[in-house]
Amino acid sequence: NGGLKPEYTPEGFRAAIKIFMSVLMDKIWELQQDETMDMEVRENMAFKAGEDLRKFVKTYTNIDCNELYKS
């Protein structure tokens, strides 16, 4: 990009987060299958991954993903 800001729109950022979360959940599912985790552990792990992603985005962009999806 030659050092230029990419200028993602809010909709583009929302789409990128949604794609990343979908890919992440797919890989989490594979890990859970490989390790034959029980359902409660799987649910907790998926919930924690979502919480951690939300916190990461908020920390580094000041964007609350819950608010991002309300628009």
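Predicted model: local features only at pLDDT ≥ 70, side-chain atom pairs only at ≥ 80, totals over all residues.
**Entry 1: aromatic rings.** I looked for aromatic pairs and the count came to one. The pair is F56 with Y60, and I noted 5.0 Å from centre to centre. The angle between the planes is 50°, and since stacked needs under 30 degrees and edge-to-face over 60, this pair is tilted.

**Entry 2: where the pair sits.** I then looked up the helix that holds F56 and Y60. Both residues lie in helix α2, which runs over residues 39–61. F56 and Y60 are four residues apart, about one turn of the helix.

**Entry 3: Y60.** Is Y60 buried or exposed? I found a relative accessibility of 62% for Y60. Exposed means over 50%, so Y60 counts as exposed at 62%.

**Entry 4: a charge and a ring.** I checked W29 next. The charged end of R42 sits over the W29 ring. I wrote down 5.0 Å from that charged end to the ring centre.

**Entry 5: the largest pocket.** I looked up the space in the largest pocket and found about 200 Å³. Its lining consists of I17, K18, M21, G50, E51, L53, R54, C65, N66 and Y69.

**Entry 6: what the lining is made of.** Which helix supplies the largest share of the lining of the largest pocket? I found that α2 does, with four residues. Helices α1 (10–34), α2 and α3 (65–68) each supply at least two residues of this lining. By type, I noted five nonpolar, two polar and three charged residues in the lining.

Technical notes:
Residues numbered from 1 in each chain as written. Heavy atoms only, no water. Phe/Tyr/Trp six-rings, centres within 6.5 Å; stacked < 30°, edge-to-face > 60°. Buried < 20%, exposed > 50% of the residue type's maximum accessible area, 1.4 Å probe, protein only. Lys NZ or Arg CZ within 6 Å of the ring centre and 35° of its normal. 1 Å grid on protein atoms, 1.4 Å probe; cavity = no way out; pocket = protein on both sides within 12 Å on 5 of 7 lines; lining within 4 Å. Points joined across faces, edges and corners; volume = space filled by probe spheres on them. Nonpolar A, V, L, I, M, F, W, Y, C, P; charged D, E, K, R; others polar.
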